[in-house]
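Subject: Structure handover

Dear colleague,

Here is the structure we talked about. Notes on what was found in it follow below the files.

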Amino acid sequence: MPHSSRKKKPIPQKRLQVTDDHGWTHVTTTRHARRAVHQNNANANANNTNNTDANTDNGNEAEIKLPPAEPPRGLTLTELTEQFAFHRARWESSATYAAVRRELENHQHHTAPADITSIICIGLGSPSGFLRGGWVDRRSVSMYQLAALATVSDFFEVNVCAQDPVFNTLDKQLLETLSIRAVDHPAAFELVNESSLLFCPGAEKSHLERLLPRSPALVFGGPLESTDSIVLDTFLQGVGSLKLPVFEELEHAFWNMRLYWRINE
Ligand SMILES: C[S@@+](CC[C@H](N)C(=O)[O-])C[C@H]1O[C@@H](n2cnc3c(N)ncnc32)[C@H](O)[C@@H]1O
């Protein structure tokens with residue numbers, strides 16, 4: 001058979017961004033991976049992943065709906081639960097978790113409000129799926145943050161709900177196994193009050209500006225400092241905080257984050 005002289009058209013390959021354990025984001029095909037961006041700052045991460053600032057209108061309800069994250073084909077809840085157990089074990093053996101736990105235990109003796117009646121999680125991301133049409137992989141970050149949420153929830157034993165438009169069915173099922181109720185926008189915003197623990201690692205500034213005036217008793221997230229936001233600066237005037245020790249397993253999952261507690265006058 002004679003070979004055709006016509007050149008075959010290359011088949012376009014879907015590319016993914018994968019963030020490795022050192023905070024590097026790789027653009028990858030099935031054969032190649034190249035270093036693309038070094039993000040050594042939570043804000044930088046936030047801006048390059050799901051930042052919806054362009055999609056939001058600073059608190060009005062007219063948010064553009066983000067599509068649910070795309071899980072790998074064939075992923076089952078059993079497999080996802082195993083992945084979660086793996087991440088939780090690593091989180092629980094970390095110095096970061098030890099510091100959070102110690103602070104929560106001390107917190108019970110602070111003048112700060114001891115009676116947390118709800119935990120509200122905003123902007124966790126998807127522990128199971130790829131974002132932005134399959135280009136961005138932040139699953140490990142969301143898994144570790146979910147592990148942190150689960151341990152904090154176990155500590156307080158109160159109602160927990162989580163809101164993120166990128167949650168897919170598997171994410172919601174995983175949350176359910178942890179007794180975390182997934183809610184739709186804008187329900188979670190309305191639920192935050194002075195007896196809430198607001199769990200918001202990597203949350204959008206526009207969301208924080210909407211949430212923090214509700215004076216949650218505890219906030220896990222940030223950093224809230226140096227944001228050029230009067231609303232955030234006002235919140236900071238009435239709180240104490242603990243900077244979390246570096247999370248060695250995946251630094252940028254909790255980069256520069258803090259536990260903040262409201263100080264009652
Ligand atoms: C910057 S990302 C942070 C994701 C993850 N926590 C991290 O640290 O990588 C902000 C998150 O807010 C979510 N988000 C956007 N609109 C939201 C809304 N109305 N309510 C809750 N989460 C929202 C996005 O889908 C995204 O997961």
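Helices (H or I, at least four residues) and strands (E, at least two) are DSSP runs, numbered from the N terminus. Just after H4, glutamate 157 takes a positive phi of about 55°. This is a predicted model, in which local features need pLDDT of at least 70, side-chain atom pairs count only at pLDDT 80 or more, and totals for chains, interfaces and linings use all residues. Residues are numbered from 1 along each chain as its sequence is written, and side-chain values use heavy atoms, with hydrogens and water left out.

Overall

The chain has eight helices and eleven strands. Of its 265 residues, 47% are buried; buried means under 20% relative accessible area, exposed over 50%, and partly exposed in between (1.4 Å probe, protein chains only). Contact means heavy atoms within 4.5 Å. Among contacts between residues at least 6 apart in sequence, 63% join residues at least 24 apart.

H2 covers residues 77-92, 16 residues in total, and spans 22 Å from its first C-alpha to its last, close to the 22 Å expected at 1.5 Å a residue. The expected span is 1.5 Å times one less than the number of residues in the helix. The buried residues of H2 are Leu80, Phe84, His87, Arg88 and Trp91. They cover an arc of only 105° around the axis, which puts them on the same side of H2; the arc is that of the directions from the helix axis to the C-beta atoms. An α-helix has 3.6 residues a turn, so residues three or four places apart point the same way. The buried residues of H2 pack against helix H3 (95-107), helix H4 (139-156) and helix H5 (169-177). On the face of H2 turned away from its buried side are the exposed residues Thr78 and Glu82.

H4 has 18 residues and reaches 26 Å between its first and last C-alpha, close to the 26 Å expected at 1.5 Å a residue. Of those 18 residues, 15 are buried, so H4 is largely enclosed by the rest of the structure.

Cores

A nonpolar core is a set of buried Ala, Val, Leu, Ile, Met, Phe, Trp, Tyr and Cys residues joined through side-chain atoms within 4.5 Å. The largest one has 42 residues, of which Trp91, Ile119, Phe156, Leu197, Phe199, Phe220 and Phe254 touch the most other members. H4 supplies the largest share of this core, eleven residues. Leaving aside residues up to four places away in sequence, leucine 197 touches Ile116, Ser118, Ile119, Ile120, Val152, Phe156, Leu218 and Phe220. A second, separate core of 20 residues includes Ala203, Val219, Leu236 and Val239.

Ligand

There are 22 residues around the ligand, and Gly123, Arg138, Gln145, Gln163 and Asp164 come nearest. A residue counts as near if one of its heavy atoms lies within 4 Å of the molecule.

- Glycine 123: a polar backbone atom is 2.8 Å from a nitrogen atom of the ligand.
- Aspartate 164: a polar side-chain atom lies 2.6 Å from an oxygen atom of the ligand.
- Proline 201: a backbone N or O atom lies 2.9 Å from a nitrogen atom of the ligand.

Backbone points

Most residues other than glycine have a negative phi, and most peptide bonds are trans. The exceptions below can be read against that background.

The peptide bond from histidine 185 to proline 186 is cis, with omega near 5°. Proline 186 sits in the loop between strand E7 (180-182) and helix H6 (187-191). The bond from glycine 222 to proline 223 is also cis, with omega near 5°, and proline 223 is in the loop between E9 and H8.

Serine 215 has a positive phi, near 55°. It lies in the loop between helix H7 (205-211) and E9 and counts as partly exposed at 22% relative accessibility. Serine 226, in the loop between E9 and H8, has a positive phi of about 55°. At 73% relative accessibility, serine 226 counts as exposed.

Threonine 227 is in the loop between strand E9 (218-222) and helix H8 (230-236). Is threonine 227 buried or exposed? Threonine 227 is buried, with a relative accessible area of 14%. Not counting residues up to four places away in sequence, threonine 227 touches Lys205 and Leu232.

Regards

Note on methods:
A polar contact is a pair of N or O atoms within 3.5 Å; within protein, one must be able to donate a hydrogen and the other to accept it, and residues adjacent in sequence count only if both atoms are side-chain atoms.
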